[in-house]
Amino acid sequence: MLPTDELLSHLGPSLLLLLQLQLLLPPASAFFPNIWSLLAAPGSITHQDLTEEAALNVTLQLFLEQPPPGRPPLRLEDFLGRTLLADNLFAAYFGPGSPSRRFRAALGEVSRANAAQDFLPTSRNDPDLHFDAERLGQGRTRLVGALGETVVAARALDHTLARQRLGAALHALQDFYSHSNWVELGKQQPHPHLLWPRQGLRNVAQVGDPTCSDCEGLSCPGNLLGFTLLTSGYFGTHPSKPPGKCSHGGHFDQSSSQPPRGGINKDSTSPGFSPHHMLHLQAANLALLASIQAFSLLRSRLGDRGFSRLLDITPASSLSFVLDTTGSMGEEINAAKIQARHIVEQRRGGPMEPTHYVLVPFHDPGFGPVFTTSDPDSFWQQLNEIHALGGGDEPEMCLSALELALLHTPPLSDIFVFTDASPKDAFLTNRVESLTQERRCRVTFLVTEDPSRVQGRPRREVLSPLRFEPYEAVALASGGEVIFTKDQYIRDVAAIVGDSVANLVTLPLEPPVVVPERPLVFSVDGLLQKVTVRIHGEVSSFWIRNPAAQTSLDFLFHFGIPMEDGPHPGLYPLTQPVAGLQTQLLVEVTGLGSRRNPGDPLPHFSHIVLRGVPHGAELGRVPLEPMGPRERGLLAASLPPTLLSTAGPFSLELIGQDGVGQGLHRAAPQPCAVAPVLLELSGPSGFLAPGTEALLSLRIASFSGPQDLDLRTSVNPSFALTSNLSRVRLEQNESAWGCLWLKVPDTAASDSVVMVTVTAIDREASTVSPTHAFLRLLVLGAAPQDLCWGGL
C-alpha cells in the first residue's frame, strides 16, 4: 500500500496544492454555516459544507486540467485566498452568465442524501453507516460498497441514484473523522486505507480493550485512555456499550450516561452535543481532505465526462423525447428529428451541448423501451430509425411512456411529448404529476389533434372532448404546457424545443392569469440579457411594448422539517410540504455573479410570495432570512401551517432588489403541492442481488386530522412486491408502519435500477390528491468493490 503522501501524489499536483490551500485558509473562509448547523450549534461545519466544498475543489481541479474550448485557461492563482463559489467557477470556465443551477441542484441531491442518513429509519441507528460502536471494519466495507454502487449507477446513467449512494458514502466517510479517535491520535492526514478495501484497518481496539475513562462534564478533553489503538464511540442502546468503552456522547446519546460517562464525538462546536468539541475544526479539515479524495477517485473511475455528468458540471440541459409512433405521426416524428438534429449540430462541442439524451417511443398497446445515452450521434441514430408504422385506435399508452422517460431523465429537465392522440392510461395521471414534481421536470405536450384527420388513426367510438385533460393536468403540475397545432405547423411549433433547453428563467406575469381587456405585464430587470415571449392559443391580435429574458439569476428551493429527536438535530429534507407540519423553505439563489458590473453590490432578497395555481390568487408573503455569507445565496423561511392548508397547487415567487435598488422578481418554473400525509419509503442501504428478497420499510403519518387511506404499490420493472399494509386509518399526529417485500428474480439484469412506488389514497375525500413515495434501488450481480473499486 502506498503511504499517504505518495497516494495523494497519484491524484495530481493541482489537487495537492488545493489540499494545502484548504489547510491554510481560516475556517470562516473555508466553511459556511447553514440551516442545519445554525439550528444546533452556530459556527459548526456540517456534512453539507464538507460535501459541497470538496466537490468545488475537485471541479476546480477538473477545470484547471481541461482548458475550456475557445477560452483562456483558468489559473489557480486567481482562486487562491478566495471562497470557492459555483457561480464564479462556471463564469470563469464557461463564460460570464453561464448558469450553475443544474450543478448546484446536483450537489443539493448529494447533500440531502448525506443528511438523510441521520433521519431515515433504515440508516439513522445503524452503527455500520456512521462508524459507531467500534464497527470500523464493517463501516469501511459499507463505505466502499456505497462508492462502488455510485460508480455502477453513474455508468448506468441513473445519476439520481448515483448521487443518493454518493451522499450516503460521504456521510459515513465524514463521520469516521468525527466519531473515531483518529484526530486524537495526532493524525494530520486522512486514513490511508479507508477507501481501499484490499487493505486492512490496522491497530484497531479489540473487544476487551478499555478505551475511555469517566467524564462528568459536557466537555471531555482527556477521557480517552493513553493508547494508540483506533476506536469509536457507542451510540444509544443498540448495540449496548461494553464496560470501559467510549460513548459517542452528547444530548441524544443514551449510552453517555452509563460509565464511563461522556463521549468523544466532534460533530459540532457545542459541548452539549459534542464532548470533543474542541477538536471539531481538526476533524472537519481531515473529513474535507478525505471527501476530496473520494470525489477525485470517482473522477478517475468515471473519467472526466462521466464525472461531469454525475455532478451536472455543465450549464446545458438534457434532451428528452416521448414519441407517438403510430401511422399518423409522420410529420411529428420528422419535426422532432429536425429539432434534435438542429440542437445537436448547433451546440456540439460547446458549453450548451446536452449531456444526456432520452428517447421513449409509444403506440397501442405498447410503450418503450427507453433509450438513454450521453452520445449525440447514438441518440440521433436511434431517433432516425423511428418511423410512423401501423397503430391502433386513438387512445395510446402516452402516460406510461412519459413515466418511463421521467424515471430516466435528470432532474430540472424538459421533456417533450409528440402525439396526436389522447391517453389510454389516464389512471396514471396523478402518479405522473407527482413524479414530475419529485423530478422537477417540465413536460410540454405538442398535440396535433385534428378532428378532420382520420388517415392512419382508426377510432372505435366517439371520443370525449375532455380526453386531453390528463395532459393539461400533467403540464400544470410540471410547469409545462399543452400546445395544440396542426400538421402543417408542427415544424414551426417544434422550435419550442430549442428555446426550452436554453435554461431560461421564468418571469411572473401581472395579473397571473389572462383577464379580458387587461394588459399582461412583466418586469424586465437590469440582470436580464434576452427576452423570449411565447404566445399560443386563439389569439386574434397582440402587441409587445418595451421588451428588452435570459439570465443566470434564478433560484432553487427545497422543504424540510426541523428534527429535535434522533441522532442529531437538523432539518429532515422533504420533496414537498406536509399538511399540519411546521415546514422550513430553503431557497438557494443562483447566478449572483451575473451582475452588470462586478463591483456592484450583491442583490438582496426580502420575501417569498405563495400564489395559487392556476388562478393566481396570492396566498401569503413570507420573509426570508439569509443563512451564512450573502455570496452563498442561501435563504430560509418558516412556512406556517395555515399557509399550507390549500388543497391545490401553489407557485413560489422570489422578490428582491438588485445592487442599485431596482426590483428583482423571479418565479419557480414548477408549482408545488401540499401532501396530506407524510409518506416515507426506505430500503436496504446496499444493493440488491438477483434471486434475493429485500425488506422495505414504510411509514405513514397524519398531522392535520383523521385520514382513512388505501395504500397501493407498484414496481418498475414488474418484480413481485407484497405488503402487509393495504389500508390504514390515522388520527391526527398518529403514525403507522408497514413492511414491503421485494423479490428480485434470478433473471434480473445486473447493473439495473428498480423504482418502487407507494401511493396513499384518501377513501373519503375524492378531491384530495393521492400522496406518492418513490424509492430507487440498484441491482448488482456482484459486490461493487469487486466490480470496480479495487486499489489504485
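The structure is a predicted model, and its salt bridges come to a count of 31. Side chains of opposite charge can pair when their charged atoms come close.

**Glu 184 and Lys 266**

- Glu 184 and Lys 266 form a salt bridge in which the closest N and O atoms lie 2.9 Å apart.
- This pair links distant parts of the chain, since Glu 184 and Lys 266 are 82 residues apart, and both sit in the loop between helix H9 (159–179) and helix H10 (280–310).
- Glu 184 has a relative accessible area of 24% and is partly exposed, whereas Lys 266 counts as buried at 2% relative accessibility.

**Asp 304 and Arg 299**

- A salt bridge joins the side chains of Asp 304 and Arg 299, with an N to O distance of 2.6 Å.

**Glu 403 and Arg 431**

- In the salt bridge between Glu 403 and Arg 431, the closest N and O atoms are 2.7 Å apart.
- The two residues belong to distant parts of the chain, with Glu 403 in helix H13 (residues 398–408) and Arg 431 in helix H14 (residues 429–439), 28 residues apart.
- Glu 403 is buried, its relative accessible area being 10%.

**A salt-bridge network**

- Arg 102, Glu 109, Arg 163 and Asp 312 are linked to one another in a network of salt bridges.

**The open sheet**

- Strands of a sheet pair through backbone hydrogen bonds, either parallel or antiparallel.
- Here, 4 strands make up an open sheet in the order E16-E17-E21-E19, and their pairing is antiparallel.
- Strand E16 (678–682) and strand E19 (720–723) stand at the edges and have a single partner strand each, so one side of each is left without a neighbour in the sheet.
- On average, and with direction ignored, neighbouring strands of this sheet are turned by 20° against each other.
- Strand E17 (residues 693–702) and strand E21 (residues 734–743) run antiparallel and are joined by 10 bridges.
- Ser 702 stands opposite Glu 734, a residue of E21.

Key
Residues numbered from 1 in each chain as written. Predicted model: local features only at pLDDT ≥ 70, side-chain atom pairs only at ≥ 80, totals over all residues. Heavy atoms only, no water. Salt bridge = Lys/Arg side-chain N within 4 Å of Asp/Glu carboxyl O. Buried < 20%, exposed > 50% of the residue type's maximum accessible area, 1.4 Å probe, protein only. Pairing = 2+ DSSP bridges. Axes fitted to C-alpha atoms, helices over the stretch in contact; angles between N-to-C directions.
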